[in-house]
Each structure stands twice: as C-alpha cells, then as structure tokens.
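Q: Can we walk through this structure together? Keep it short, please.
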Amino acid sequence: MAELFSDALAYEDLMGRWSVRLAPLFAEFARVADGARVLDVGCGTGSLVQFLVGTTRRSQIVGIDPVVPFVEYARGRVKDPRVSFEVGDALALPYPPASFDGALSLLVFHFIPDADKAAREMRRVTRPGGTVAACTWDRSMELSALFWNVASELDPSVEAKRPQRLNQAGQLGELWRATGFRDVEERALEISMDFGSFEDYWKPLEKGVGPQGAYLVALAPERRKALRQALEAHLRGRGAPGAFSLRAKALAVRGTA
C-alpha cells in the first residue's frame, strides 16, 4: 500500500490534519509515561511523534516508516534531540528484543499486508510489561463511509477497492489476544472533521492519496464529475458547498507485552 501514500504534502492535506487531532486521544489511551523509550510504527509525517515530544520531557521517541518522503517530512517537522526517524518495515523492525518501553501505531494496521507479523514484531521489541497499542479508522466513520457508499451507488464493483481489514469493532482486540498480549483493552476514539467548504473536502482527494484518492483519480473525467456531484448533493444537508463537519471514529487497542 506504500504507493498510495508517497506524497507527504498531499497526505497532510487529506489525512495528516486529522491525525493531529487524534494523536492526543490515542497517546492518552496508550498511557505513554514520561521517560519511556517509545517506538512509533508507521510514523507517517510525524503527527504522533510531534505530540509525544511536546508533552514529555525525558522520553526518547523513534519513528519508523517505509515511505521515504514521509520520513524526510517528519525529520523536518520534528527537530528534537530526543527524536529520531528511520526508514524501515513494520514486518522486520530493525531493533533488538525488548529495546522499547512501549510501541504504538497510529492509523496504519489496516494497511499492513501481514498484520499478525507486525503485531508480533511490536511485541518482540517491547520489554516485558511494556504497552503496545494501535488504532485504525472505523469502517463506518462518516468520512470514508460516505465516500464509498456514494461511489458504490454509481459503481457496484467499488466494494473490492474499499479497505476491508482491522476496521471493525473487536478485530484489533482479537489480533492483540492472538499475539499474546495481556490485559487487552479496546476503546473508540472520536473527533470532529471540520471542513471550510466542499472544496476543502474534495481537493485533497484529487491528489490520489490513499484508497479513496487512488480510486478517484483512476476514474474517467465524466465518472469523476458524477461522483463529485453525488457527494456534494449528499453533503448539502450538512452545509455544503459551505462549511460542514463529519464525525470520525478510530478503534484503539492496547495490551501488555
């Protein structure tokens, strides 16, 4: 899925602005302690790392991501001696066993091709008693559900292009238990996605980032226009083409290594 997330600036426009809002809720749920050595798996453009470094004094934070432009963007965004960013694979973390007090992953697991292996890797690099936590967007959240539901009205085959894994309640918890984590807990984290206009919602999709953007830019111009008109019609009740808001829900899990 890395090819869907190769443009850091486009990602920031589409999803990074919401990661910033979600990061505080996720960090609180993950119970990150000041002074801990923390790994952020799939750090993206650095939203979670930026929050953690701003709310701790003694923690050391390592971000790792397979997308080189994301890592370069994060390095320019978060400049602190306690932070480092590395290019690497969640399926083969380049760290010795028990080298972190905690390992986190924000909005990544539903895109990892072998989530079982990634969870085992996070467990391996976390010391016994440390916390391992992850969250993914709920399949039913308004931002994605609206897009895919409207798209499926125009194109019944679209369901195959919609993310299917680890985006429903209970799935992350099941994975965490199967991986051997103790004291597994799950929680829904909710934020508001506020758009200044329909263009504020639509333009980032046109940059081709993520599953929705990739689907959109692959459409012929007339089909893209039809999808735009249908989405705007659905959002008129919320205030489009002017300002409107959508609710977003992430599914979070934590466990003890």
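Q: Where is Pro241 found?
A: Pro241 sits in the loop between α9 (221-235) and β7 (244-256). Helices (H or I, at least four residues) and strands (E, at least two) are DSSP runs, numbered from the N terminus.

Q: What is the peptide bond from Ala240 to Pro241, cis or trans?
A: That bond is cis, with omega near 10°.

Q: What kind of model is this, and how are residues numbered?
A: This is a predicted model: local features need pLDDT of at least 70, side-chain atom pairs count only at pLDDT 80 or more, and totals for chains, interfaces and linings use all residues. Residues are numbered from 1 along each chain as its sequence is written, and side-chain values use heavy atoms, with hydrogens and water left out.

Q: Now the sheet. What is the order of its strands?
A: The order is β3-β2-β1-β4-β5-β7-β6, in an open sheet of seven strands with mixed pairing. Two strands pair if DSSP finds at least two bridges between them.

Q: Which strands stand at the edges?
A: β3 and β6 (182-195) do. Each has a single partner strand, so one side of each is left without a neighbour in the sheet.

Q: How are neighbouring strands turned against each other?
A: By 20° on average, direction ignored. Axes are lines fitted to C-alpha atoms, for helices over the stretch in contact, and angles run from 0 to 180 degrees between N-to-C directions.

Q: How many bridges join β1 to β2?
A: Five, and the two strands run parallel. In β2, Val62 is the bridge partner of Leu39.

Q: What does α2 lie across?
A: α2 lies across β1, β2, β3 and β4, and runs at about 175° to β2.

Q: Which residues of α2 are buried?
A: In helix α2 (residues 47-55), they are Ser47, Leu48, Val49, Leu52 and Val53. Buried means under 20% relative accessible area, exposed over 50%, and partly exposed in between (1.4 Å probe, protein chains only).

Q: And what do they pack against?
A: α1 (8-30), β1 (37-41), β2 (60-65), α3 (68-77), β3 (83-87) and β4. Contact means heavy atoms within 4.5 Å.

Q: What about α3: which residues are buried there?
A: Phe70, Val71 and Ala74 are buried in α3. They cover an arc of only 95° around the axis, which puts them on the same side of α3. The arc is that of the directions from the helix axis to the C-beta atoms.

Q: New topic. Which residues touch the most other members of the largest nonpolar core?
A: Leu22, Phe26, Trp137, Met193, Tyr201, Leu227 and Leu231, out of 63 residues. α1 gives the most to this core, with twelve residues. A nonpolar core is a set of buried Ala, Val, Leu, Ile, Met, Phe, Trp, Tyr and Cys residues joined through side-chain atoms within 4.5 Å.

Q: What is Tyr201 in contact with?
A: Leaving aside neighbours within four places in sequence, Tyr201 meets Leu143, Leu146, Phe147, Phe195, Leu231, Leu235 and Phe244.

Q: Is His110 buried or exposed?
A: His110 is buried, at a relative accessible area of 6%. His110 lies in the loop between β4 (100-106) and α4 (115-125).

Q: And Arg31, buried or exposed?
A: Arg31 counts as exposed, at 56% relative accessibility. Arg31 has a positive phi of about 60°, although it is not a glycine.
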